[in-house]
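Reader: I would like to explore this structure one question at a time. Please show it to me first.

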Amino acid sequence: MDQFHPPAPPGIGRRIYDLLRAQIADGTLAAGARAPSTRALATDLAVSRTTVTAAYEQLAAEGFLVTAPGRAARVALAPAAIARPRADPGGGGPPAPALSAFGQRLAGMDLPALPAAEPARIDFLYGAVASRDFPALAWRRAYQAELLRHQHSLRYIPPEGDAALRRAIQGYLRRARGLACDTEQILVVHGSQQGIDLCARLLLDAGDAFAFEEPGYLMARRCFEATGAGLWAVPVDAHGLDTAQLPEDGRVRLAYVTPSHQFPLGGVLPIGRRMALLQWAQRHRAWIVEDDYDGEFRYGQRPIDALQSIDPDGRVIYMGTFSKALSPQLRLSYLVLPTALAAVFRQAKRMADRHAPVLEQRTLAALIETGAYERHVRRTRREHERRRAALADAIARHLPPTAELAGTAAGLHGVLWLPFVRPQDEPALAEAARTQGVGIYPVSPLFADAQRGGPARPGGWVLGYASLTVEQIEQGIRILGRIVAAWGAGAPAPVPPH
């Protein structure tokens, strides 16, 4: 009869397993050698035989031991490979595994820094929206209704997204953006960045080229560059992309544009340039990616109709998002695809991640179908207009008369230009502001050529205001005004708060 042993302390079975595995690894227990019997080892270690048996069973399952009823356990003749740390006399570590060409391009790419874990006390971060603006009560009611709705089974849905949401988006686009499409053309994606990535991977090859706004959205540019395609930077002016400078080059397969509110400078592409862009795409058999990243927020007049709404040839991929109107944390955006591209984009989405979260899609569909979403957009548009006016007013009062705030006719940000600050000094002034609790963001990284426009280009910063209160905007610009005054006087170091 086995001697009684109290239950083993937590982890003792793991230690027995580790001990035996280490002895097999260093040759103490050679291949084919007999392992200690479970009874004897349990007695020696003063633990229950059950604990030892469990460790042996794990070693057998992993191929280190061979066991059979009525026979002693033995070390496998060819035990499974055991990873062991090796000394590295050279100090450089083992050679890195080979990367694909895509991986090598990505590894060497300078991507924008992620937002600080601790945001500035008054953070003019573009892309952030106020949590208090989120329609929490309406969202909770719709979400709970969908959560409690009976489903025959929990299963994958089609990669293009929930049918109810695609129908809701179809109706919304016709009302709000003048865009008519079939639901089969709509693909729900995990944020605009996934939509851009799908466009890059499906429409560009290494050796191709793409036309891109200069300056423009850096993460989109990097996404296209990661394919190995070459950048053709096309300057923008007060009216957006200068279509007269589009390349007449057969290698250019795609153009990325923000025609309703150029990012970051704010121009709106006029009808003449829109037609020229469409004619260029038709002439070169190129695709146009239309990023309508904040089209809901135009002040003083109705939102601009989408470029895709006047596309006669099916060359435009329209991209919309709910990140600015609701929350970037939802990760819900969508593409409206030319019919010729819909099937392959669905396949690529299925390969990437099957589909976006279903409950969130159905909740959003319910908000759109009941009109709650559009009421929310109208309310937040009024709030953003108050914040925009507060920003313009604070800059006029606290910054020098030469300061200029551009690009605020629409959207949730503006660009602050200071003619007496050089572009290369943008990071230093931003750091001086951060030491005083104010976050501002240099515009130069958004230029492919940091010297675009020549040495006379002033220093600039992107100021997002959607997450701030009117009072925070006033306080932040007042602090920035003191820092800028010291900078203009030849003292760029941070100034103490008053």
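**Loops, helices and cores**

Reader: Between which two elements is the loop that holds Arg 285?

Author: Helices (H or I, at least four residues) and strands (E, at least two) are DSSP runs, numbered from the N terminus. Arg 285 sits in the loop between H9 and strand S9 (287–292).

Reader: What is the mean pLDDT of the protein?

Author: pLDDT is the predictor's confidence in each residue, from 0 to 100. This is a predicted model: local features need pLDDT of at least 70, side-chain atom pairs count only at pLDDT 80 or more, and totals for chains, interfaces and linings use all residues. Residues are numbered from 1 along each chain as its sequence is written, and side-chain values use heavy atoms, leaving out hydrogens and water. In the protein, 90% of residues reach 70 or more, and the mean pLDDT is 88.

Reader: Is Arg 285 buried or exposed?

Author: Buried means under 20% relative accessible area, exposed over 50%, and partly exposed in between (1.4 Å probe, protein chains only). Arg 285 has 64% relative accessibility, so it counts as exposed.

Reader: What is the phi of Arg 285?

Author: Most residues other than glycine have a negative phi. Arg 285 is not a glycine, yet its phi is positive, at about 50°.

Reader: Which loop holds Arg 331, and what is its phi?

Author: Arg 331 is in the loop between strand S10 (316–321) and strand S11 (333–336). Arg 331 is partly exposed, with a relative accessible area of 32%.

Reader: What is omega for the peptide bond from Glu 214 to Pro 215?

Author: Most peptide bonds are trans. Pro 215 lies in the loop between S5 and H8. The bond from Glu 214 to Pro 215 is cis, with omega near 5°.

Reader: At what angle do H2 and H3 pack?

Author: Thr 38, Arg 39, Leu 41 and Ala 42 in H2 meet Arg 49, Val 52, Thr 53 and Tyr 56 in H3. Helix H2 (residues 38–45) and helix H3 (residues 49–61) have their axes 8 Å apart and pack at an angle of about 125°.

Reader: Which residues have the most contacts inside the largest nonpolar core?

Author: A nonpolar core is a set of buried Ala, Val, Leu, Ile, Met, Phe, Trp, Tyr and Cys residues joined through side-chain atoms within 4.5 Å. The largest one has 64 residues. Those with the most contacts inside it are Phe 124, Tyr 373, Ile 440 and Ile 477.

Conventions. Axes are lines fitted to C-alpha atoms, for helices over the stretch in contact, and angles run from 0 to 180 degrees between N-to-C directions. Contact means heavy atoms within 4.5 Å.
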